[in-house]
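Me: Here's a model I'd like to go through with you, a few quick questions at a time. Ready when you are.

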Amino acid sequence: MNSAELDGKEYWDIVITPERKWWNLRLREIWHYRDMLTLLVQRNFAASYKQTILGPFWHLINPIFSTLIYTLIFDRIAGLPTDNLPPFLFYLSGNVIWAYFSSSFSGTSNTFNANKGLFGKVYFPRMIMPISVVLTNMISVSIRFGLFLIFVLYYYFTGYPVLISWWVLLTPFLFLLNAGLGMSWGILVSSLTTKYRDIQILVQYGLQLLLYVTPVIYPSSMVPEQFRWLYFLNPIAPVVEAFRFAFLGEGTVRFETIGYSFLVFVVSLTLGLISFNRTESNFMDTV
C-alpha cells in the first residue's frame, strides 16, 4: 500500500476494510492483481512437470495413453459403439472436454484448504486462486486440443468418415462453458469443505460417477430415446456432444441443450461466487 499527500491530507491507494456486504464480490480487484495471477499460472504449469524426466511431454503422453486404454477396454473388449467414428478419435474427443472439466472442478474444489497457509499471511483477492487453476488447465487442454486436431486431419486425409461442421466456430464458447461449469461447481464445493471435509471425499466419487453419465466412453445414441432428456440433465453432456459433432460430424446436438448448460453455468457461478465471498471472510476460524 502506498500513501500520498494531497492538500495536506494523506490518501491511500488501497484500503482494506474488515466487513463488506455479501453481494459485494469486488471482482475489479482481480484486474489490479493480474500480475500475481500471471505468476501463479506460470508457477502452476511449471510445477506440473517439475522434477520429471519427460517434462511437458506428459501433457501429450497422458491423453494418448488414456485414449488407448479407453479404446482397448471399451471398443476392443466391451464392444461399445462409437457412431461409426474411428474409436481412437471418438474417445480422444471426449477426453479433451472431460479432462478440462474434471481438472478445473477438482483443482478449485479445494481452494481454501489447500491455500490456508497463504491466505492467513497476506491479502489478495481469493478468487485469483481458482481462476489461476482454470487458466493453467487451459494451457494443458490447448496442448490436448492441438493433438486432437492433428489426429482429426490425419483421419480426414486418409479417407475416414470425419465431417467437420460449422459448429467448430463455437469451439471457444464450448471450452469457456466447460471451464465455467468446472470452476463454478468447484468454488461452491470449496466453500462447503471449510466446514465439512467429507464433501471433498464425495467429490472424487462424484466425478467418477459423472464420467459414466457423460458421453465420453459411449455415444448418447446408446441411451433409449425416452430417457434421453433425463440423460441431458447433465450439463456436461451437451458440451461433449457439441464438440464431437463440430469436429467429427456425429453426435446429438441442439441449441436448447447448449442453452440449458449455459443456464446451469450462470446459476452455478452466481451461487458459487456468493458462497465463496461469504466464506472467505471467516474461513480461517474453521479450517
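Me: Is Arg 254 buried, exposed or partly exposed?
Reply: The model is predicted, with local features needing pLDDT of at least 70, side-chain atom pairs counting only at pLDDT 80 or more, and totals for chains, interfaces and linings using all residues. Residues are numbered from 1 along each chain as its sequence is written, and side-chain values use heavy atoms, leaving out hydrogens and water. Buried means under 20% relative accessible area, exposed over 50%, and partly exposed in between (1.4 Å probe, protein chains only). Arg 254 has a relative accessible area of 39%, so the label is partly exposed.

Me: Which residue forms a salt bridge with Arg 254?
Reply: A salt bridge here is a side-chain nitrogen of Lys or Arg within 4 Å of a carboxyl oxygen of Asp or Glu. For Arg 254, the closest N and O atoms of the pair are 3.6 Å apart. The partner is exposed, at 55% relative accessible area, and the residue is Glu 256.

Me: How many salt bridges does the structure hold?
Reply: Side chains of opposite charge can pair when their charged atoms come close. Among the pairs are Asp 75 with Arg 76, at 3.8 Å from N to O, and Glu 225 with Arg 228, at 3.3 Å. The structure's total is four.

Me: How do the axes of H11 and H12 lie relative to each other?
Reply: Helices are DSSP runs (H or I, at least four residues), numbered from the N terminus. The axes, lines fitted to C-alpha atoms over the stretch in contact, with angles from 0 to 180 degrees between N-to-C directions, come within 8 Å for H11 (residues 236-248) and H12 (residues 255-280) and cross at roughly 135°. Angles under 35 degrees count as roughly parallel, over 145 as roughly antiparallel, 65 to 115 as roughly perpendicular and the rest as oblique. So H11 to H12 is oblique.

Me: What separates the C-alpha atoms of Leu 210 and Ile 236?
Reply: Leu 210 lies in helix H9 (residues 198-212) and is buried, at 16% relative accessible area. Ile 236 is 26 residues away along the chain, and the C-alpha separation is 9.0 Å.

Conventions:
Helices (H or I, at least four residues) and strands (E, at least two) are DSSP runs, numbered from the N terminus.
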